[in-house]
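Good morning, and thank you for coming.

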Amino acid sequence: MNLKLHLLSRIILIGFACLIATTAWVLYQADQEFRHEARSKADSIGRQLELQLLRINAGFDHTARFPDLGLWQQMGAISGACVWFIPADGDQVRSVCSGGNTSAQSGPDWFESIYRWAFKPGFETMRQVAFRNHVYGAVVVAPSAEIEIASTWQQLRGLMGLSATTVLALCLLVYVTVNRALRPAQVIVAGLESMSNGNLSARLPAFELAEWQRTGQAINQLAASQQQLLAERRMLALKLMTVQEEERRYLARELHDEFGQCLAAINAVTAAMMQTAEQDYPALVPEGKNIARITGHMMDLLRGMLLRLRPMDIDELGLSAALNSLIAGWNARNGGKIHYQLTIDGDLGQLPEPVPVNIFRIVQECLTNIAKHSGAANAKVMIKLSDGLVELQVEDDGIADKLPFEDSSGIGLLGMRERVTALGGQLTLAPIQTGGLMVRAWLPLQPAAGAPA
């Protein structure tokens with residue numbers, strides 16, 4: 001729309017400039033025509049007087065009738081003008097005037113003022129009257145300025161009406177033509193906006209004009225290539241996360257089966273040693289207690305590492321049990337500073353792999369961020385299954401002072417985005433009006449394309 005209005009405004013300006021130029025040319029031509037007519041009248045009257053002198057010299061006329069002004073009026077040569085005959089011998093000046101056609105309107109005052117200032121109407125034209133090398137006087141013709149202005153205004157008014165009609169018709173024609181020619185531009189802009197919002201499956205239709213058709217084809221090819229690249233990137237990210245979870249599962253199993261068993265054996269040997277030392281070597285009892293304390297500390301570290309690597313509850317009991325255990329662990333560790341609450345609506349046991357472990361990781365990262373940065377007193381985790389989607393929402397009542405969240409470069413947030421994107425979902429972060437931050441994620445129940453079974 002802006003482009004069409006811009007084109008129309010330029011056409012109107014050009015038409016207005018042409019109208020001004022044409023008006024100036026018409027006024028100049030009208031002035032030149034009146035000047036030419038005045039010179040023609042003066043020349044015609046001069047020849048008639050010279051012809052009268054010829055008749056007087058031949059004896060067919062009387063000297064007293066010279067100059068014969070009635071002859072001028074009979075010829076109509078002085079219509080709309082005044083004529084003077086100035087004798088060369090200084091005798092009385094004789095004149096005659098004719099008003100001509102005075103019915104025409106002289107135009108508005110502003111036009112009359114401009115015309116009088118620019119062209120000086122009513123100028124006088126002089127021609128000498130001579131016969132046989134003797135100058136008898138001069139004829140002066142002065143056209144009527146009012147008649148000249150009125151006649152010029154009538155011509156200009158007709159021209160302005162015709163020009164206004166022409167410009168209006170041209171603007172209408174250009175508007176219709178441009179509107180039809182630029183209609184594909186609106187479709188292209190709408191398609192690009194849809195693609196920029198993430199809908200890369202949108203395609204532009206075929207257009208009639210070859211230029212628009214090539215543009216649409218190029219945009220469709222670009223969208224198709226971007227869609228393919230994003231799909232390949234999503235598949236790669238999903239495979240990397242799957243490999244990462246497999247590696248974590250393997251490490252957790254090895255640590256649990258090997259390192260954990262070794263620590264349990266050390267605890268058992270230490271307990272037996274302390275029983276023997278209490279009877280035979282009392283001095284070794286403090287050393288045994290130190291060994292037991294160190295072993296217990298290592299067991300606590302191992303349990304924390306196993307929780308971060310791969311919670312056994314996910315594989316053995318499912319996602320619901322793992323999340324309940326996670327929430328219970330946070331409530332137990334934070335000393336009552338933050339109260340964590342979990343709400344589950346639906347059976348999480350039906351979620352396909354690798355959705356459960358990714359939901360657990362997202363919740364785990366959100367709770368870590370709340371504990372470190374929010375200063376909240378309460379945190380809620382809500383999971384709901386509906387319409388082929390699983391909706392995850394984590395919110396707190398702390399202070400969300402890091403804006404804008406969408407531009408954050410934190411590794412935790414980046415990891416959540418990568419997980420959600422790889423699974424074909426959406427992730428949003430927004431501050432809550434009452435304070436705090438809300439993280440929402442929508443994940444499809446069907447695994448993303450390329451997800452391992």
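Let me begin with a term: two strands are said to pair if DSSP finds at least two bridges between them. The model before you is predicted, and in it E8 and strand E9, residues 437–444, are joined by six bridges. These two strands run antiparallel. Within this pairing, Leu429 stands opposite Val439 in E9.

Let us now widen the view to the sheet. Which order do the five strands take in the open sheet? The order is E5-E6-E7-E9-E8, and the pairing is mixed. At the edges are strand E5, residues 339–345, and strand E8, residues 426–431, each of which pairs on one side only. From one strand to the next, the twist averages 10 degrees.

I turn next to the helices. Helix H8, spanning residues 319–333, lies across E5 and strand E6, the latter covering 378–386. The direction of H8 is at about 165 degrees to E5. Helix H9, residues 355–374, also packs on the sheet, where H9 touches E5, E6, strand E7 (389–396) and E9. The direction of H9 makes about 10 degrees with that of E7.

Finally, the cysteines. How many disulfides does a search of the whole structure find? The search finds zero. In general, a disulfide is a covalent bond between the sulfur atoms of two cysteines. Is Cys366 buried or exposed? Cys366 has a relative accessible area of 5%, and because buried means under 20%, Cys366 counts as buried. Cys262, by contrast, is partly exposed, with a relative accessible area of 43%.

Notes:
Residues are numbered from 1 along each chain as its sequence is written. This is a predicted model: local features need pLDDT of at least 70, side-chain atom pairs count only at pLDDT 80 or more; totals for chains, interfaces and linings use all residues. Side-chain values use heavy atoms; hydrogens and water are left out. A disulfide is a pair of cysteine sulfur atoms within 2.5 Å. Buried means under 20% relative accessible area, exposed over 50%, partly exposed in between (1.4 Å probe, protein chains only). Helices (H or I, at least four residues) and strands (E, at least two) are DSSP runs, numbered from the N terminus. Axes are lines fitted to C-alpha atoms, for helices over the stretch in contact, and angles run from 0 to 180 degrees between N-to-C directions. Contact means heavy atoms within 4.5 Å.
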